[in-house]
Amino acid sequence: MQIKSAEFVMSNSDVAKCPKDRMPEYAFIGRSNVGKSSLINMLMLRKNLAKTSGRPGKTQLINHFLINKNWYLVDLPGYGYARVSKSSKKVFQKFITNYFEKREQMVLAFVLVDCRHEPQPIDLEFMEWMGESEIPFNIIFTKADKLKPKALERNIAAYREKMLETWEEMPLYYITSASDSTGREEVLKYIDELNQNLTGL
Ligand code: GTP
Ligand code: MG
């Protein structure tokens, strides 16, 4: 897919205030610092479309980006950020779960996990919640540039094994790097296919 335009549209914490047109959208979710915003920039070939930071907790709102004037990418705050207070964490979690429960035009969520780590309970629980709530998602392994190919392969195999303890099959997944653009074509190709197959949205 060619990216002809990518525009920031709005930020907010209330799903009811998100764009009201019915264009399909794709959301990026995962732990703070996993690389959601960096991945969006990589996919869009833009350095600063989505704000990134070395410190977790950078993205705090639901951010809509309009792509090629006919679909949205949505950058979400991370979950599991230890340094926000418990009560603000709850509010955070609530608007994220609200977003997924209410946002009908959300076609697919990408759950990002850092390829360097072994499966984390918070990610596994989040995916279980997605499954129970019947919210479609794929997995994106991020920061692939940080591992040698063999170690990467081993970690993905371990992840698959862990997933198969609770899932019948491993969800579709991609291996990406925002640093060297690994996985860019695959992710965009899949979004393009889904966009082409959508009718009546
Ligand atoms: P929050 O908004 O805080 O939830 O974080 P986020 O998931 O949006 O992460 P962000 O994109 O801000 O990236 C966090 C840090 O990881 C930054 O220092 C990025 O430069 C770094 N990073 C993200 N993706 C990659 C990658 O593919 N490779 C490497 N080496 N670093 C990455
Ligand atoms: Mg972010």
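**A salt bridge and a ligand site**

Let me begin with one pair of side chains, those of K69 and E7, which meet in a salt bridge with 2.9 Å from N to O. This pair links distant parts of the chain, since K69 belongs to the loop between β3 (62-67) and β4 (71-75), while E7 lies in strand β1 (residues 6-12), and the two residues are 62 apart. Please keep in mind that we are looking at a predicted model, and that, by the rule applied here, the count of salt bridges comes to seven.

Now to the ligand. Ligand 1 sits in the largest pocket, where 22 residues surround it, the closest being K36, S38, G57, D145 and A178. If we sort that shell by class, we find three nonpolar residues, 13 polar ones and six charged ones.

Which atoms of the protein lie 2.7 Å and 2.8 Å from an oxygen atom of ligand 1? At 2.7 Å we have a polar side-chain atom of K36, and at 2.8 Å a polar side-chain atom of T59. The backbone takes part in the list as well, with a polar backbone atom of V34 placed 3.3 Å from an oxygen atom of ligand 1. As for how much of the ligand is covered, ligand 1 taken alone exposes 650 Å², and the protein buries 85% of that.

Technical notes:
Residues numbered from 1 in each chain as written. Chains lettered and ligands numbered in written order. Predicted model: local features only at pLDDT ≥ 70, side-chain atom pairs only at ≥ 80, totals over all residues. Heavy atoms only, no water. Near = heavy atom within 4 Å. Polar contact = N/O pair within 3.5 Å; in protein donor to acceptor, adjacent residues only side chain to side chain. Areas by Shrake-Rupley, 256 points an atom, 1.4 Å probe, with all protein chains shown as cover. 1 Å grid on protein atoms, 1.4 Å probe; cavity = no way out; pocket = protein on both sides within 12 Å on 5 of 7 lines; lining within 4 Å. Sits in = over half its atoms within 2 Å of the grid points. Nonpolar A, V, L, I, M, F, W, Y, C, P; charged D, E, K, R; others polar. Salt bridge = Lys/Arg side-chain N within 4 Å of Asp/Glu carboxyl O. Helix = DSSP H or I, 4+ residues; strand = E, 2+ residues; numbered from the N terminus.
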